[in-house]
Amino acid sequence: MGFVSRGFKGRRRDTASSSRVPPGQYVVTDFPVLSAGPTPRVNLDQWTFTIEGEIDEPRRWTWKEFQALPAETVTKDIHCVTKWSKLDTTWKGVSVDALMEGVETAADFTTVFSDGGYTTNLALDDITGGKAWVVYEFDGQPLHPEHGGPVRFLVPHLYFWKSAKWVRGIRLQKDEHPGFWESNGYHVRGDPWREQRYWGD
Amino acid sequence: MIRWQFATLAEVVPETPRVSSLYLDVPDWQGHLAGQHVDVRLTADDGYQAERSYSIASAPEDRRLALTVERLEDGEVSPYLVGELRTGDRLELRGPIGGYFVWRGDEQRPLLLIGGGSGVVPLMSMLRHRAHVGNRAPARLLFSSRTLADVIYREELERLAASAHGLQVLHTLTREKPAGWTGYTRRVDEAMLQEVAWPRQDAPDVFVCGPTPFVEAVATLLVGMGHDARSIKTERFGATGG
């Protein structure tokens, strides 16, 4: 028997959902907000989404063009490195697979970048193959600015800081360049099932 | 890897009816920066575990590691930390964590700290650190609490403001106006920030910590007043947690 916190009982979760909650996480029903700085106010008239870097011709969509792309609605569990998990969250947006369709690239890595200067690094394999979306609706409503609206990244199998708010594009790269939190003590990949929270985890 | 280690509770200091500071002996503590946090892990006798993050309240120079914890009635971990944990009990923690919401102490720009409720905790670490290192750049803390009884670190803040060079502490109370009170008595608004914040040309380093609506409101006002968004560092905590 290892260490026991004297007098700690804890609050067990029901077994039906416990297999969906990674180690060290707890389930919330609200939607906490975490950001490193002020919430940017985004002007949709000037908004574009760009795929650039290791690509012959950068791809760029205006807001109107982006809205016209085939959308998917997905329901996913999300896991924040600050310990909360939220089950069955529903999002609408465009899959990265659709955005990348027909793209030839020598890149193995990407940097997803946002208004306000936020970046996060992701392996290309982690955002293709039905694993990532660029979303503009949460729960059937336009995405609120606090939660990354008008458009955020969604890569639910990794800790939620990878799901960059206020996203503006994907830079395809041959090498891995640690992003904002990844340069500030947080794990370069961030798999919640391996509890990859911090450097060295 | 930031490894789990044992801390022993040396002293509990009640700060307000809902908030206490836990002073911990951590034998191999590697040191921290003002503004960082730790993860705390509790284990029940059947192996069930719960983890939460708490901001560090102590300065890097302090002998003991201090966490200041608000007891959330519907919380899982905070009612244990504030209520059940006794001096001599051991606690598992790992850290320090976070490399962004930190103030190193050698900065010469004005330091503007804006805290709501227990959001003052990492800001207090910065003010304690500032006093230790003798930083003379001007500093201001604007601290929003519900009532006078809810003001965390009230006496220590008074002492710091009286003794540390160039520090001003300004309070606002959102739910009462005690007799003789000379501070503000409303939510933080633009007029208050115009009085308290330095003009944008002075380029203060700004740290804002508190509940999400508080941080959203303050950060948005500061950007609207022309402050550079990149100089405003925020930490938000939601109504859940605990």
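Tutor: Six salt bridges cross the interface of chain A and chain B. Bear in mind that this is a predicted model. Side chains of opposite charge can pair when their charged atoms come close.

Polar contacts also join the two chains. Between chain A and chain B, 20 residue pairs are in polar contact, both residues of each pair being at pLDDT 80 or more. Now sort the chain A side by class. The side of chain A that touches chain B holds 16 nonpolar residues, 11 charged ones and nine polar ones.

Next, the extent of the contact. Chain A brings 36 residues to it, and chain B brings 45. Together the chains bury about 3,500 Å². Carbon and sulfur atoms give 50% of that area. On chain A, start with A:Phe3, A:Arg6 and A:Phe8. These residues supply 22% of the area that chain A buries against chain B, more than any other three residues.

Now place the interface in its setting, chain A to begin with. Chain A has 11 strands and four helices. Its radius of gyration is 18 Å, close to the 17 Å that the globule rule gives for 201 residues, so chain A is as compact as a globular protein of that length. Along the principal axes, the C-alpha trace of chain A spans about 60 × 35 × 30 Å.

Over all chains, the whole structure has 27 salt bridges. One of them lies within chain A, where A:Arg171 pairs with A:Glu52, and their closest N and O atoms are 2.9 Å apart. This pair links distant parts of the chain. A:Arg171 sits in strand E11 (residues 167-173) of chain A, while A:Glu52 sits in strand E2 (residues 48-53) of chain A. The two residues are 119 residues apart.

Turn to the partner. Chain B has five helices and 11 strands. For its 242 residues, a compact globule would have a radius of gyration near 18 Å, and the 18 Å of chain B agrees. The C-alpha atoms of chain B fill a box of roughly 55 × 40 × 30 Å along the principal axes.

Chain B also has a contact of its own, between two domains. Domain 1 covers 5-97 and domain 2 covers 111-237. Domain 1 of chain B gives 20 residues to their contact, and domain 2 of chain B gives 17. The centres of these domains, taken over C-alpha atoms, are 24 Å apart. The area buried between domain 1 and domain 2 of chain B is about 1,400 Å², with 53% from carbon and sulfur atoms. B:Ala34, B:Ala57 and B:Glu61 supply 26% of what domain 1 of chain B buries against domain 2 of chain B, more than any other three residues.

Between these two domains of chain B there are zero salt bridges. Polar contacts do occur there: seven residue pairs, both residues at pLDDT 80 or more. Strands E1 (5-16), E2 (19-25) and E5 (65-70) of chain B each supply at least two residues of the domain 1 side that touches domain 2. E2(B) gives the most to that side, with three residues. By class, the domain 1 side of chain B has eight nonpolar, seven polar and five charged residues.

Note on methods
Residues numbered from 1 in each chain as written. Chains lettered and ligands numbered in written order. Predicted model: local features only at pLDDT ≥ 70, side-chain atom pairs only at ≥ 80, totals over all residues. Heavy atoms only, no water. Domains from an automatic or database assignment. Contact = heavy atoms within 4.5 Å. Buried area = accessible area lost by both parts, 1.4 Å probe. Salt bridge = Lys/Arg side-chain N within 4 Å of Asp/Glu carboxyl O. Polar contact = N/O pair within 3.5 Å; in protein donor to acceptor, adjacent residues only side chain to side chain. Nonpolar A, V, L, I, M, F, W, Y, C, P; charged D, E, K, R; others polar. Rg over C-alpha atoms; globule rule 2.2 N^0.38 Å.
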